[in-house]
Amino acid sequence: MALTVFSSFSQDVQFSQFYAVPTHLNPAFAGSAHMSRGIFHQRVQWPALDARYITSLASTDFWFQEYRSGVGIYAMQDFQGQNNISSTDIHVQYAYEIPVNDLLTIRTGLQGGYVSRTLNYSRMTFPDQFTNDGLSPGSVSQDMLPNGRNQFVDIGSGVMLYNDNFWFGYSALHMNRPNQSFLDGVSRLPVKHAFVAGYKFLLNHSKYNSSVYKTRPFSITPTVHYKFQGKSDQVDLGVYALYDQVIAGVWYRGIPVKQYLPDLHNNESMVVLFGYKFDNISISYSYDFVVSRLSRARAAGAHELNITYLHKRKNRKKPMKRLPCPSF
């Protein structure tokens, strides 16, 4: 048997509804709702291909007003290539809020995590398993294969600057550059840098009903999200609209002016989103339309579902200023 393994660099899981999983986006978002929050999020990418990707995330975060502090935790599980490669992440986060003045607020955040990655050889095939009659039912000895499990500690940080309408944030994840290799060598996970920004335009709509005017919240929020990790970089550029209990959005992922080859542009997808709020629970769904060369493979894009629960405290003495980024 001949087995050759090459070291490689990988990039993080990316979500189309990145604002729907705020603590995954930036640890400074921990407690940013100024109430208790629970989130379940799932992404199914390229379901028409055998090597589809399925990622599930569950998170919760809390706000402690007397300490101006937020605490959060999230767990994420990712499967790639029919479960050939899987990873489980658990991260804990702390954020502190600093009011600069009546208009401006800064949030800083730190996170520490544990990551476990597994390479399942039983689902793989190797050259010496093929004969003139096809694939041999025999299996490769596990003693001849590299270790199929790796565990490491992961450190990240972030900062947010915001007022009632505008926000800007930066995060740096994998700051300790952990070794992600399944071999005895070293393959450092590159630091992931991400910038997010946006502006919320309030366009409240008043409706005359039963001799009174009722104001329904209406806003339009253009956003930009730029991230780079190793040799990979990408931009999410789009707009969200929120009317009363309904949210809708559309955005583009890629860098159209960047070319990997003369005829290969950095285009990935167009994303559309729709969501609705039921009291303290909001549900949103998005779909990625592939616009890259992968569209020829009819991979069926990507689906994302988000369910968020906000536990609102009663008898709150003073309402807190909330981040204006797209959310319910």
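I take buried to mean under 20% relative accessible area, exposed over 50% and partly exposed in between, with a 1.4 Å probe and protein chains only. I looked up L189 under that scheme, and at 1% relative accessibility L189 counts as buried.

**Ground rules.** I note that this is a predicted model, in which local features need pLDDT of at least 70 and side-chain atom pairs count only at pLDDT 80 or more, while totals for chains, interfaces and linings use all residues. Residues are numbered from 1 along each chain as its sequence is written, and side-chain values use heavy atoms, with hydrogens and water left out.

**Overview.** I took helices (H or I, at least four residues) and strands (E, at least two) as DSSP runs, numbered from the N terminus. On that basis the protein has one helix and 19 strands. Of its 328 residues, 41% count as buried. I then turned to contacts, meaning heavy atoms within 4.5 Å, and found that among those between residues at least 6 apart in sequence, 57% join residues at least 24 apart.

**The loop between β9 and β10.** I looked up L189 again for its place, which is in the loop between β9 and β10. R177 is in the loop between β9 and β10 as well, and the C-alpha atoms of L189 and R177, 12 residues apart along the chain, are separated by 5.1 Å. Phi of R177 is near 45 degrees, a positive value in a residue other than glycine, and R177 counts as partly exposed because its relative accessibility is 34%. S181 lies in the loop between β9 and β10, and I list S181 as buried because its relative accessible area is 12%. Leaving aside neighbours within four places in sequence, S181 is in contact with N150, V186 and S187.

**Strand pairing.** I count two strands as paired if DSSP finds at least two bridges between them. Eight bridges join β9 to β10, and these strands run antiparallel; the bridge partner of S171 in β10 is A194. β10 is also joined to β14 by seven bridges, again antiparallel, and the partner of A197 in β14 is V224.

**Cavities.** For the search I used a 1 Å grid over the protein atoms alone, where a cavity is a set of points at which a 1.4 Å probe fits but cannot get out, and lining residues have an atom within 4 Å of a point. Grid points are joined across faces, edges and corners, and a volume is the space filled by probe spheres set on the points. The search of the whole structure finds three cavities of 30 Å³ or more. Of the 13 residues that line the second largest cavity, the closest to its centre are F18, H24, L25, K192 and H225. Two or more lining residues come from each of α1 (22-25), β9 (166-173), β10 (192-199) and β14 (218-229). I classed Ala, Val, Leu, Ile, Met, Phe, Trp, Tyr, Cys and Pro as nonpolar, Asp, Glu, Lys and Arg as charged, and the others, Gly among them, as polar; the lining of the second largest cavity then has seven nonpolar, four polar and two charged residues.

I followed up H225, which lies in strand β14 and counts as buried because its relative accessibility is 4%. Apart from neighbours within four places in sequence, H225 is in contact with F18, L25, A194, F195, V196, Q234, V235 and D236.

**Nonpolar cores.** Here a core is a set of buried Ala, Val, Leu, Ile, Met, Phe, Trp, Tyr and Cys residues joined through side-chain atoms within 4.5 Å. The largest holds 17 residues, of which Y19, W167 and L323 touch the most other members. At least two residues of this core come from each of β8 (149-162), β15 (232-243), β16 (246-261) and β17 (264-278). A second, separate core of seven residues includes V13, F15, V21 and Y74.

**Two further loops.** R68 lies in the loop between β2 (53-64) and β3 (69-80), with a positive phi of about 50 degrees although R68 is not a glycine. A299 lies in the loop between β18 (281-290) and β19 (302-311) and is buried, with a relative accessible area of 3%. A299 and D50 are 249 residues apart in sequence and 9.4 Å apart in space, C-alpha to C-alpha.

Methods
1 Å grid on protein atoms, 1.4 Å probe; cavity = no way out; pocket = protein on both sides within 12 Å on 5 of 7 lines; lining within 4 Å.
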